[in-house]
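Here is a short report on charged side chains and their partners. Look at the sequence and structure first, then read on.

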Amino acid sequence: MGVTGPIRVVVAKPGLDGHDRGAKVIARALRDAGMEVIYTGLHQTPEQIVDTAIQEDADAIGLSILSGAHNTLFAKVIELLKERDAADIKVFGGGIIPEADIPPLKEKGVAEIFTPGATTASIVDWVKTNVRHPADA
């Protein structure tokens with residue numbers, strides 16, 4: 001693909017969850033690591049998130065969910081990306097997600113899930129390693 005420039009990540013809070021401190025911490029960590037970050041704010045629909053990612057030419061979408069609606073919301077974002085011919089945008093997420101829900105989310109196309117206790121360094125390293133192939137950077 002030959003993409004140049006910094007990795008572009010949309011950080012989003014889908015659904016009715018009103019707690020965004022973690023999302024803001026991740027957004028800042030990614031930005032401080034040299035990435036371009038677009039933070040969408042609270043209460044975003046999957047459609048708004050996908051629209052933003054496509055408009056911003058994002059390489060990845062990071063979803064933060066604490067509300068328990070991760071199975072529905074993550075799946076909808078993946079589905080919309082496929083419908084919009086944008087399945088190359090990697091989706092990763094974090095929040096309060098039970099261990100038992102992680103394998104089914106990955107089967108649906110979520111690239112990685114970070115649970116409470118994940119360090120910002122581990123998330124930054126994962127994005128740097130997995131969002132673009134070395135030939136693209």
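E79 and K76 form a salt bridge, and their closest N and O atoms are 3.4 Å apart. This is a predicted model. Where do E79 and K76 sit relative to each other? Both belong to helix α3, which spans residues 70-83. They are three residues apart there, so about one helical turn separates them. E79 is partly exposed, at 37% relative accessible area. K76 is partly exposed too, at 26%.

How many salt bridges does the model hold? The count is eight. Side chains of opposite charge can pair when their charged atoms come close.

Another pair is D32 and R31, with 2.7 Å between the closest N and O atoms. D32 is exposed, with a relative accessible area of 54%. That value is over 50%, the cut-off for exposed, so D32 falls in that class. R31 has a relative accessible area of 44% and counts as partly exposed.

K106 and E112 also meet through their side chains, at 3.0 Å from N to O. K106 is partly exposed, at 36%.

The table lists these pairs.

| Salt bridge | Closest N to O distance |
|---|---|
| D32 and R31 | 2.7 Å |
| E79 and K76 | 3.4 Å |

Which residues are linked in a network of salt bridges? They are R8, E36 and E56.

Key
Residues numbered from 1 in each chain as written. Predicted model: local features only at pLDDT ≥ 70, side-chain atom pairs only at ≥ 80, totals over all residues. Heavy atoms only, no water. Salt bridge = Lys/Arg side-chain N within 4 Å of Asp/Glu carboxyl O. Buried < 20%, exposed > 50% of the residue type's maximum accessible area, 1.4 Å probe, protein only. Helix = DSSP H or I, 4+ residues; strand = E, 2+ residues; numbered from the N terminus.
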